[in-house]
Amino acid sequence: MAERDDTRISRPSSTRGGSAATDHAVRRRLGSPPADGAADVSTAPTDTAMDLGAMGAPTSREGNRWAVRRRGAGRRGAAGGTGATGRKGSSVRSDSSGRTEAKPATRPGRSSSGAFPDASAHRRYWYVVGGLVVLALAFSFGLLAIGNPMPPGSRGFWLIAELRATSILVMVIAAFCQATATIAFQTVTNNRILTPSIMGFESLYTVIQTGSIYFLGVAGVVALQGTGQFLAQVAIMVVLSVLLYGWLLRGRYANMQVMLLIGIIIGGGLGSVSSFMQRLLTPSEFDVLTARLFGSVTNAEVEYLPYAIPLCLVAGVLIWLNARTLNVIALGRDVCINIGVDHGRQTIYTLVLVSVLMAVSTALIGPMTFFGFLVATLTYQLAGTHDHRRLLPVGVLVGFVVLAGAYFVMNHVFYAQGVVSIIIELVGGTVFLIVIMRKGRL
């Protein structure tokens with residue numbers, strides 16, 4: 001018997017013939033130790049020392065020296081961030097029998113994947129949610145109770161509170177629609193500057209209102225005002241959006257940038273038509289039109305709510321159920337194609353739902369150009385996550401806190417309820433300019 005590589009190589013007895021040699025070769029390939037207790041190592045290139053340690057074969061004195069050297073190298077590698085297996089972040093543990101076991105080194109308080117980078121970010125998210133819920137409840141109570149001229153608990157008090165509760169419900173619907181639609185729209189367009197208003201929703205609302213007063217007059221608009229007018233506006237906005245998306249995203253030259261450019265052109269053209277008709281209105285008609293073109297919760301009627309609430313819930317729930325797909329779409333078109341997600345179909349599906357939400361919000365309370373952008377920007381800063389299942393609820397809470405807080409401050413501090421939308425647009429436009437200046441591009 002000869003020594004090779006500091007280990008003994010057992011040889012089958014010649015008296016056992018070919019069957020003994022075959023059994024020995026099979027044992028050597030399967031990693032079974034020989035009968036005499038010696039460590040049997042094959043010289044085939046697929047057999048490694050790690051296989052010997054994993055199968056628990058006893059080693060000789062020279063093999064024990066090799067195990068000691070291997071343990072020392074593993075400790076040095078673990079101290080430097082690389083274990084004996086050559087993988088970063090792993091450590092090696094050896095027992096008394098010389099066997100080694102590679103274990104990944106974990107960092108306390110940090111997860112390798114998930115919605116949050118670490119445990120502290122997860123806790124911060126729930127702190128933010130809790131704070132927003134407290135603010136939402138406080139502003140709601142303030143709008144219901146503060147400034148109520150009737151004694152608390154009386155029948156008149158509850159009647160006034162019920163009327164104010166309708167306004168709060170309208171704020172909830174507006175915040176839900178604007179936040180959900182803006183976050184989903186920015187995800188599919190892969191741009192946190194653009195908003196659904198860029199597609200001409202508000203210009204379409206403006207031209208519908210202006211055309212109604214121009215052709216029918218104030219008396220005709222008042223006569224047609226009701227659920228029919230509301231549903232007609234929603235239907236027109238959704239149909240035009242679906243036609244635009246289907247044509248520009250499913251055609252031969254499907255391109256998101258082209259769709260956005262055409263949306264801007266259509267919005268500008270509708271705005272020019274509205275300006276032309278407004279110049280031909282009488283002063284009294286123009287005053288009525290101006291009051292309707294300001295975004296305000298007072299524009300919403302109670303009879304609109306039974307139709308607006310189901311539409312918002314269906315579209316919002318469908319977007320939230322598709323949140324995992326939105327997480328993939330946010331990674332880009334190439335990633336979607338590589339993992340089998342139909343990017344074009346999912347984009348059109350999301351944009352149609354966004355159209356429903358924006359149409360309901362605009363027809364219900366009027367145009368609010370920068371409200372969605374302001375809410376989405378604050379949501380990204382406060383949530384600290386990319387997961388849309390957590391972004392969307394925070395966005396709704398942020399939207400309601402901004403809207404209810406603005407109405408509370410303007411009603412009970414400055415006593416100027418009518419300029420709430422102007423203040424929101426001013427703050428939102430300022431934030432828009434700051435973001436563009438920091439990014440340096442659209």
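**Exercise 1.** In which helix does threonine 362 lie? Determine also whether threonine 362 counts as buried or exposed, and state which residues it contacts beyond its neighbours within four places in sequence.

*Solution.* The model is a predicted one.
Step 1: Helix α13 spans residues 343-365, and threonine 362 lies in it.
Step 2: The relative accessibility of threonine 362 is 1%. Buried means under 20%, so threonine 362 counts as buried.
Step 3: With neighbours within four places in sequence left aside, threonine 362 is in contact with Phe201, Glu202, Tyr205, Met237 and Pro367.

**Exercise 2.** Describe how helix α14 and helix α15 pack.

*Solution.* 
Step 1: Two packed helices are described by the angle between their axes and the distance between the axes.
Step 2: For α14 (residues 371-383) and α15 (residues 388-412), the angle is about 125 degrees and the axes are 9 Å apart. α14 is therefore oblique to α15.
Step 3: The crossing of α14 past α15 is right-handed.
Step 4: On the α14 side, the contact involves residues including Phe371, Leu374 and Leu378; on the α15 side, Leu391, Val394 and Gly395 are among them.
Step 5: Sorted by class, this contact of α14 with α15 has twelve nonpolar, three polar and no charged residues.

**Exercise 3.** Summarise the chain as a whole: how many helices and strands does the chain have, and what percentage of its residues is buried?

*Solution.* 
Step 1: The chain has 16 helices and four strands.
Step 2: Of the 442 residues in the chain, 42% are buried.
Step 3: The chain exposes about 24,000 Å², of which carbon and sulfur atoms supply 62%.

Note on methods. Residues numbered from 1 in each chain as written. Predicted model: local features only at pLDDT ≥ 70, side-chain atom pairs only at ≥ 80, totals over all residues. Heavy atoms only, no water. Axes fitted to C-alpha atoms, helices over the stretch in contact; angles between N-to-C directions. Helix = DSSP H or I, 4+ residues; strand = E, 2+ residues; numbered from the N terminus. Parallel < 35°, antiparallel > 145°, perpendicular 65-115°, else oblique. Left-handed = near helix turned anticlockwise from the far one by under 90°. Contact = heavy atoms within 4.5 Å. Nonpolar A, V, L, I, M, F, W, Y, C, P; charged D, E, K, R; others polar. Buried < 20%, exposed > 50% of the residue type's maximum accessible area, 1.4 Å probe, protein only. Areas by Shrake-Rupley, 256 points an atom, 1.4 Å probe, with all protein chains shown as cover.
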